[in-house]
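Subject: Structure handover

Hello,

Here is the structure we spoke about, with its sequence. My notes follow below it.

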Amino acid sequence: MKMRAFEYHRPETLAEALAVLAEFGGDAKVIAGGQSLVPMMAMRLSTPDHLVDISRISGLDEIKLADGRLTIGAMVRHAAAFSNDLVATTAPLVHAALPHIGHRAIRNRGTVCGSLAHADPAAELPAVARALDAEFVVANAHGIRLIPAHEFFLGYLTADVGDGEMVTEVRFPIAAANAVVSVQEVSRRHGDFALAGCVAQLSIAPNGTIETAALALFGVDATPYRSAAAEAELVGNMSTSEVFANAATKMTADLNPAADNHGSTAYRRHLAGVLVRRALADAASKFSLTIGALA
Amino acid sequence: MTAQMLSLSLTVNGLEHVLNVESRRTLAEVLREDLQLTGTHLGCEHGVCGACTVIIDGAAARSCLVLGAQCDGSHVETVESLAADGELHPIQRAMIDHHGFQCAFCSPGFLMSIKALADDDPDMSKEQIREELSGNLCRCTGYASILAGAEAAFDVISKRNKLNSIEETKNA
Amino acid sequence: MREAIVGKLVGNSVKRTEDPRLLTGTGRFVDDVTVPNMAHAAFLRSPMPHAEITRIDTTAAKRSPGVIAIFTGAEIAEFTNPFVGLMPLPGMYDPTFYSLATDRVRHVGDPVALVIAESRRAAEDGAELVEVNYRELEPISTIGQALDSTRAPIWPKAKSNVMVSMNQPSGPAVGPIFADADRTFTQRFVQHRQSNQPMETRGIVVEIRSEGPAIVHAATQSSHALKWALAMMSGRLTVPGSIKEMFKHRDRPKLFVNGAKSLMAAKPEMKGAGKPMMPTMMKQMASDPKRALDLQRSMVALLAKGQDSRPEVVAQDIGGAFGAKGTVGREDVAVYAAAVHLQRSIKWIEDRNENLMVGGHARDENVELSMACDHDGTIRGMHVRLDMNIGAYPAFPFGGGMFSQIIRVMMPGPYRLPALQFDTRIVASNKGTYVAYRGPWAVETWVRERMLDIMARNLGISRADIRRRNMITAAELPTKMITGPALDVRMSAAVTFEKAMEVAEFDLWAARQAEARTNGKIVGMGFATFIEAAPGPPGFFDQVMPGAGSMAASEPAHVVLESDGTVSVYIQQMPHGQSHETTFAQVAADELGVPMEQIRVRYGDTRVTPFSLFGTGGSRAGAMTGGVVTFGSRELRGRILDIAADLLEASRDDLVVTNGNVHVAGTPARSVDFAAVAAQAKRSPQPAGAVAPKTSEAIRIQSEYDGGEGGWAQSTHVCWVEIDLETGVVKITRYVVAEDCGELINPAVVEGQVRGGVAQGIGAVLYEKITYNESGQFQTGTFMDYLIPTTMEIPEIEIHHIETPSTIEANYRGVGEGGMIAAPAALTNAIEDALAHLGVIITEQHLPPSRILELAGVITP
């Protein structure tokens, strides 16, 4: 299990990186943390001729608030994002999802943008980005493209990042002050990719009415799965288990997850419904806790 | 694509090395093949088993998932660094006391994961230790002895740190 | 650490001698070995489950940078001999095959070419450039497909994919018993395929030296077996060379006999003991003359050449094996032969993908079990129909054939069984090789313990009572199993059972479960009892397979007083996690009266360790090596006392040894240490009949021990589960083991073995499954597919030790395999108990969350 030979590039500036990417196009790959790419290269499933290490480009490891959004740069590692107060306060769903990614040694190296660009449908962060309507900044030698999450994930392990391009940052909307979140998943073993999972962010009025609802499923389709019908079912209704069950039914009505050795189609569809309910109930329980704390 | 050779500067266990290595070598391969530090073991080479865990710039990482080239200028700690001047590290001592390992092929990864965790938070709870070590596979022990050793090591390190800080306060 | 230990070391959790080395990164595993001018190997492997190789072109690959040589199957066959099985089952078709596929590939991962290069990376680059054309053949994946007579055999010389079909009765015929029985039960059980998956994969470094034999550094469970297998299979002469050799050696028959004699001299008890196998071997050869030729050429390879043509094997630290590294790998032979052929040292380290594909699979069986019993559950007869899928290439030297027979012999377990009919079909398929994996016969315990629960529920009696009604108690001992082996008075399965029931408060369980259910909790408790031949009573292996006992007859050890007064204990066991350097030092130190530090246990190096082809396996080390080290050390102590008596001018009977000093009892001041004794021994003439010591040695004792009464290890496991019926996730909430493996040499080591075995058993049920699809494609090539449980999946395991009192010396028994034997039964029984109110019957061993919900009727399959 040894990777094929490649030429390693370590640009110091973004412009330099984009120039290398422009020169080699489809023969080049960006490496940030490498936690998904390196195993694929070791198995020779990914065999780039050129590898562009973006770790030394200054500024890419920044987390900042800009234009009312939380911006996470391409070299921000999972561990750094998790311990960042700005992330915890302005994007609580991102914060909640991060510990579910692999294990600590993986999170110490892997990057938020890397996970998103890798577009693994069983991963947590793409679902978070989809639920929160995150926006991606994709750059090439000629400029940048801004891509909304619903257009970014194209298919299994495929994001809208073309030859000669790289993700430079992801922007998350700032959560409402009363936002409550939950990440629910079932995996075969602790730390594995999920058989199915659900991320949810709700804001609930003091009287218990759901004001906003954003949720996405992962592990059940080729891309993160979101349902307008399910969210419509929630908004304006009281946060009760009946409402959550209705939302779960709506959310899973059209699901047809692929089967693999770890779970059948029927199992994943069923599990998705269970996890939607659990995510909503868990998020809502945090709202009650908040209310309790205020009272 | 022919092999590309790179010059690489790496501080391993406090010693600085300047190496000329093929760009496709992982850190694990650089440690094992170029520096003959064979204490770091390769169990799966795809980032699941954790046997190759080392500490890079203070953070635990899987050396099979990191290219040597990515570590240019970094400080790397391996299992060989734990015992200093013939004195075993408290983690090693605790593992011996608790019969932590059997074949011990996985031990370098466990030891370095525990070291990184204890450096970070020596007061971690039993449950947290168990969860944090779920990224390291052992096929021999069923984990009980490793967890017992880890808990004992955390205990020793936590107490030692507290004593040290009392000393420092006194001295100050 | 030792200051705290007063008196005996045996019985204490003495800290491990191995640890300071292993925990500082200074162990030496095979991948840590580097020798001068070392090349590296990689194998090109088949992506097809079953295909004819129509063309191989290595031209481009040979031009790849760093590539030194490439061998195809046809090329390697020119200078190696094929694998020829030496442990035949009567009537079994046992194919011969080369280390690389020659004309046909028979499973995904079948090695097609061997690439030797300056680095592993360069070798893999070269392998990518080898061009192979395949003509696909219909694959055989499942047992059902293998039994389908319309499908072509994967071994053309075999009539079908059924390698052997046997019907073996023990006791009276079961037909009338079933006809007359109050009740009969029949259930078909599916045992899925698993893999050993040690954290260290397989590997070999062949060191070619300018003088003397090649040194083979290997991760092996048996260095001697590997050595002789490599010698046999590597020395093939070319056809002209063969003819020349035949002409030159018209006296070859004599040569053969002389060679055999020298082998027998090394292992006298092998003479004649293997005779029962000869008719089977003769029949095999009569039906397949090429087999006779191959075997003869192997023997010539083994014996015609000088000692330098045979490698010496050196095994040092081994990163686990669990049975898999007892098999001589086809890769081992190919790499060794290539190194000798090229006269270049070569390293091959298997990667994880290879290890999952071809490093050894285990337990792929269907078992139809029928039981006849009285209304009260008393068992009257058992009929077992075992179908075993051993994959394409039989393991060498021990394969599925032998394991099927251990399953047969162990089928009664600790229960009274008046009659057993055992029908076996061993099938070949396009899957990886079936090897030994921790309790290779474990399916007998799983199906029996599963069936007892099913019977109890149907008969309306408790699961404990059905076992009590049938389990052999102390009052009935000694007795014999219907399949032959003797059960001596230390067979304490019933004692472990009662202890487990007491600890588990079984009588309160029904009420607790009912209460939990009213609270919406789905909980279950299951248990299982088994016995394990560890190493088994005298003659056990002959009851498994007539003649097989010749390999298992005894265990050797050399106990040596070195010139400097230290003691070396040489064993043929090959520890790979079992802590033998510690435990046998404890045994020897107690016997000799010296501190642990004065003892060095040595193993793994064929140049110095005693000969045996068995290696580590069969739970033999505790009883047999523990015994031979005890008795060998005792003999050495006698010799030491003889000399010390002279030196101290005292009566030998008055002498005691404490802390390494020999002195007259009561006057410790007047003493001699072992170094002084050693010096005196070197000055004195050897006593008559004594083994001559080597230059650096003072006294050498060479002992063999047949295991005496041998005996059994036994235990009862109890497992509690809670099941989330929304997600199908099974959580193990408690796990208890009550076990008796005789006297404990080192309790911490014993407990580690038990817990490790249980963890693998839990893995088997909830996480681990080797998967091929219906068309033979391999689907579990990474650790993301084959799931080894982590700290979060393995519960705490409580262990209760029981030791049946005995006057037998060295009353140690093996304990390594049992955890894995009982855990799948206890866990699946617990799961069924939890789901019993839903009418669930568990007949398959692998139960991932999706399957749990299917069984519970939450989702449709």
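The notes below go through confidence, then the chains, then the contacts between them.

Confidence

This is a predicted model. Its scores are ipTM 0.97 and pTM 0.96. For chain C the mean pLDDT is 93, and 94% of its residues reach 70 or more. Residues 1-6 of chain C stay under 50 in pLDDT, and the model has five contacts beyond four places in sequence for them.

Chain C

Chain C holds 26 helices and 30 strands. A compact globule of 861 residues would have a radius of gyration near 29 Å, and the 28 Å of chain C agrees with that. Along the principal axes, the C-alpha atoms of chain C fill a box of roughly 80 × 80 × 50 Å. Of the 861 residues in chain C, 60% are buried. Taking the contacts in chain C with a separation of 6 or more, 81% are between residues 24 or more positions apart.

One sheet in chain C is open and has three strands, in the order E4-E2-E6, with antiparallel pairing. Its edges are strand E4 (104-105) and strand E6 (131-136) of chain C; each has a single partner strand, so one side of each is left without a neighbour in the sheet. Strand E2 (residues 51-57) of chain C pairs with E6(C) over six bridges, in the antiparallel sense. Within that pairing, Glu52(C) has Arg135(C) in E6(C) as its bridge partner.

Further along chain C, Gly819(C) is part of helix H25 (residues 818-835). Is Gly819(C) buried or exposed? There are 28 other C-beta atoms within 10 Å of Gly819(C), and the threshold for burial is 20 or more, so Gly819(C) is buried. Setting aside neighbours within four places in sequence, the contacts of Gly819(C) are Gln753(C), Val754(C), Arg755(C), Gly756(C), Gly757(C), Val758(C) and Gly761(C). Between Gly819(C) and Gln572(C), which are 247 residues apart along the chain, the C-alpha separation is 24 Å.

Chain B

Chain B has five helices and five strands, and their order along the sequence is β-β-α-β-β-β-α-α-α-α. For its 172 residues, a compact globule would have a radius of gyration near 16 Å; chain B comes out at 17 Å, which agrees. The box filled by its C-alpha atoms is roughly 55 × 45 × 25 Å along the principal axes. In chain B, 60% of the 172 residues count as buried. Of the contacts in chain B between residues at least 6 apart in sequence, 59% join residues at least 24 apart.

Helix H3(B) has 14 residues, which at 1.5 Å a residue should span 20 Å; the end C-alpha atoms are 20 Å apart, in agreement. Twelve of the 14 residues of H3(B) are buried, so the helix is largely enclosed by the rest of the structure. The buried residues of H3(B) include Phe110(B), Leu111(B), Met112(B), Ile114(B) and Leu117(B), and Lys115(B) is also among them.

Chain A

In chain A I looked at strand E2 (residues 28-31). Ala28(A) and Val30(A) point one way from this strand, Lys29(A) and Ile31(A) point the other way, and all are buried. E2(A) runs parallel to strand E3 (residues 50-53) of chain A, and four bridges join them.

Contacts between chains

Between chains B and C, 44 residues of chain B are in contact with 43 residues of chain C. On the chain B side, the elements that give two or more residues are helix H2 (90-97), helix H3 (107-120), helix H4 (126-132) and helix H5 (144-171). H2(B) gives the largest share of that side, four residues. By class, the residues of chain B that touch chain C are 23 nonpolar, 14 polar and seven charged.

Between chains C and A, the contact takes 26 residues from chain C and 18 residues from chain A. Helix H4 (120-129), helix H13 (352-358) and helix H26 (849-855) of chain C each supply at least two residues to the side that touches chain A. The largest share of that side, four residues, is from H4(C). The side of chain C that touches chain A divides into ten nonpolar, seven polar and nine charged residues.

Regards

Conventions
Residues are numbered from 1 along each chain as its sequence is written. Chains are lettered from A and ligands numbered from 1 in the order in which they are written. This is a predicted model: local features need pLDDT of at least 70, side-chain atom pairs count only at pLDDT 80 or more; totals for chains, interfaces and linings use all residues. The radius of gyration is taken over C-alpha atoms; the globule rule is 2.2 Å times the number of residues to the power 0.38. Two residues are in contact if their C-beta atoms, placed from the backbone, lie within 7 Å. Ala, Val, Leu, Ile, Met, Phe, Trp, Tyr, Cys and Pro count as nonpolar, Asp, Glu, Lys and Arg as charged, and the others, Gly among them, as polar. pLDDT is the predictor's confidence in each residue, from 0 to 100. The expected span of a helix is 1.5 Å times one less than its number of residues. Two strands pair if DSSP finds at least two bridges between them.
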